[in-house]
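Here is a friendly tour of one protein chain, meant to be read with the model open beside you. Which parts come together in the fold? Let us take a look.

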Amino acid sequence: MCHRCDQINKAKENLIKSVRGEPDVTTSHSTGLSKNDSLVAGYVEPQVDLATYISTSYLEPFDKLRANGGFGQPLSKQNSRQDPSKRSFLKLTAASAIGLGFAGTGIATAQEKKAAKTYSKAPPKPENVLTPDQALERLMEGNERYVAGKSIPLDFHDVQNSLVKGQNPYATILGCSDSRVSPEHCFDEAQGDLFVARGAGNYLTNDNIATLEYSVAVLNTPLIMVLGHESCGAVKAAIDAVDHHKDFPGHIQLLASAIAPAVRAVSDTSSSRLLNVTKKNVIMTVERLRNKTPILDYYHDQKKIRVVGGLYHLDTGKVELIA
Ligand SMILES: [Zn+2]
C-alpha cells in the first residue's frame, strides 16, 4: 500500500474512532495526515469534534446507526403526526408513494416500531429520513413539479417551530451562485430540506468540501448533487482564461483557474463547447467527491450516500442527471 493510501485509510479509521469517542490511530495527529498530505488528498482536518456534535444532536450515534443498518429508517407514525402542516403532509404522501411504506393503515408495522425506537428524539422533519435512492427520487419529483408549474405553496409558519432546535435536510446541493438557479426553487423544497453550498461555477474548494463532509457526517444527509447550469458565466470566464490567457482582477481569477482543468479536458471547439465544459466540470467534481475526500469516500464506499451530478436547463427549469 502506498504512503498516501495508508494515510487516507488511517484518516478513515480515525473518523470512525472520533465519532465513537475512541482515541485516534495516531496520537500526535488526529487524522494521521501531515499538512501536505491533507492538501494532496483534498482533505482538511476537522476543527470540530464530530462525536460531540452527534451526541448532542437528535441523531443516532454513528455506531448505533451502523448497527441499525444506517440511513433510511422508515418514518414512525408517531413522528408523522407531530408535524401536521399541509406542506409536510403533501411531502409525507409523496414519500409514501416512493416506497417508505407508511401509507396510513393505522397500524404500525414492526419496522416502523423499530424506527420509532431508533430516535430518542424525533427528527424535525421525519419525512426527510430517506435512503440515498429515495432522496434522489424525491429531489427529481420536486423538479418535475417546478417544471410543470405545480410547486407546492410555501409557508414558513408550517415549519417554523419544528426547525428551531435542529435540522435534518435530506439532500446537499453544491450549486452555482447564479441567481437563476436557486436549489430550493428548482427542487420545490422548503426550509430544512436542502443543505446548500453555492459558489460561481460550482467547483470544489477545501471550504465547500468541509461543508459537504459536515452535511454527511453530522447531519446524515444521504445525497449530494453537484448542480451546474447552462450559460454559466464562471465557465465562460474559465474558457476565456484558457483560450486567451486572460487575467481577471482580484480573486476572480481563482474561479477561472479552478475550472480550467474541465476546459482542457474538453477538446470540442464547436458551438456546444460551453455546455460540454459545464458538464465536464460537474462530472469531474462528482468524481472527486466520490473518490478523493476521506469522509465522503468512506460513506460512498459503504453506500450510505450517493453523489450525483445535474445540469439545470434555463429555458425549461428541468434538471438533467448527467453523472
Ligand atoms: Zn453559473
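## Around Leu223

Leaving aside neighbours within four places in sequence, Leu223 is in contact with Pro132, Ala135, Leu136, Leu139, Tyr170, Ala171, Thr172, Ile305 and Arg306; contact means that the C-beta atoms, placed from the backbone, lie within 7 Å. This is a predicted model, where local features need pLDDT of at least 70 and side-chain atom pairs count only at pLDDT 80 or more, while totals for chains, interfaces and linings use all residues. Residues are numbered from 1 along each chain as its sequence is written.

In the protein chain, 72% of the contacts with a separation of 6 or more are between residues 24 or more positions apart.

The protein chain has 15 helices and five strands (DSSP runs numbered from the N terminus: H or I of at least four residues for helices, E of at least two for strands). An open sheet of five strands has the order β2-β1-β3-β4-β5, with mixed pairing; a pair needs at least two DSSP bridges. Its edge strands, β2 and β5, each pair on one side only.

| Edge strand | Residues |
|---|---|
| β2 | 194-198 |
| β5 | 319-321 |

Strand β1 (residues 171-175) runs parallel to β2, joined by five bridges. Thr172, one of the contacts of Leu223, has Phe195 in β2 as its bridge partner.

Helix α14 (residues 273-291) lies across β3 (223-229) and β4 (306-312), at about 170° to β4; axes are lines fitted to C-alpha atoms, for helices over the stretch in contact, and angles run from 0 to 180 degrees between N-to-C directions.

Technical notes:
Two residues are in contact if their C-beta atoms, placed from the backbone, lie within 7 Å.
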